[in-house]
Amino acid sequence: MKSLGVIGGLGPMATAYFLELIVKMTEASCDQEHLDITILNRPAVPDRTACILGKSKESPVPMMAEAAKTLESLGASCIAVPCITSHYYFEELQKEVSIPFIHLVRETAAHLKENGVRTAGILATSGTVSTRLFQQALEAEGIGWAVPDEEGQQKVMHLIYENVKAGLPPELPLFEEICAGLRKKGAECMILGCTELSLIKRDFPVGPGCLDALEVLAKRSIEYCEKPLRPAYTSLITR
């Protein structure tokens, strides 16, 4: 039986929700039919966005690599990281272990391609946007993309850091304003490209045409570990 290893705590609530998604999305009739999962919760991992933008010299790689090696030693068949910005360090981390990391950014682009999306809006941290993680993955699938302007990106960061990470309710009019701006640029589907934004979708209606990257990671984790997926989660784009 394949088992999943999770480097968690980036952030803690997103990790808890990721586990909830896996349980909810797995076609199982009893405890024994669910995934075998080992989670290492590492909230002390340095801030990924701050490091990427040069605001901090503390790299998250050493702590994440150590966690990956521990998961491998504990028998994990693959590793998932419910933190999108951390995928900037994907290649460095993959070299540290022989088991595969599930690349949620590429998997998200592939899901959009499978569902016929031609242009996607990217809602993510400034670190993720600046590294072009989603842009490159979308281009590789032949999908166009749109990102907020500078003012809009500041609003995205406000939602992530001053709302969700701070434990406060999200300012939904701000979220809707950002999405409307991206739709004017031609985006057919909004990528919720930060796990904190996933928590907004969990608790509030986000409307049609949204894809939660964390849900994609949960789906692919289930499939990689060869467990059945509930049919309702074949397509994850909101209707």
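Predicted model: local features only at pLDDT ≥ 70, side-chain atom pairs only at ≥ 80, totals over all residues.

Mentor: Residues are numbered from 1 along each chain as its sequence is written, and side-chain values use heavy atoms, with hydrogens and water left out.

Trainee: Which residues of helix H7 are buried?

Mentor: An α-helix has 3.6 residues a turn, so residues three or four places apart point the same way. Helices are DSSP runs of H or I with at least four residues, strands are runs of E with at least two, and both are numbered from the N terminus. In H7 (133–140), Leu133, Phe134, Gln135, Ala137 and Leu138 are buried (under 20% relative accessible area, 1.4 Å probe, protein chains only).

Trainee: What covers the buried residues of H7?

Mentor: The cover includes helices H5, H6 and H11 and strands E4, E5 and E6. After H7 comes Gly142, with a positive phi near 75°.

Trainee: How many cavities of 30 Å³ or more are there?

Mentor: A cavity is a set of points on a 1 Å grid over the protein atoms alone where a 1.4 Å probe fits but cannot get out, and lining residues have an atom within 4 Å of a point. The count is two. The largest holds about 100 Å³, and Arg48, Cys83, Thr85, Thr125 and Lys165 lie nearest its centre among 14 lining residues.

Trainee: And what lines the second largest cavity?

Mentor: Met64, Val81, Ser86, His87, Phe90, Leu93 and Phe101 do, around a volume of about 40 Å³.

Notes:
Buried < 20%, exposed > 50% of the residue type's maximum accessible area, 1.4 Å probe, protein only. Contact = heavy atoms within 4.5 Å. 1 Å grid on protein atoms, 1.4 Å probe; cavity = no way out; pocket = protein on both sides within 12 Å on 5 of 7 lines; lining within 4 Å. Points joined across faces, edges and corners; volume = space filled by probe spheres on them.
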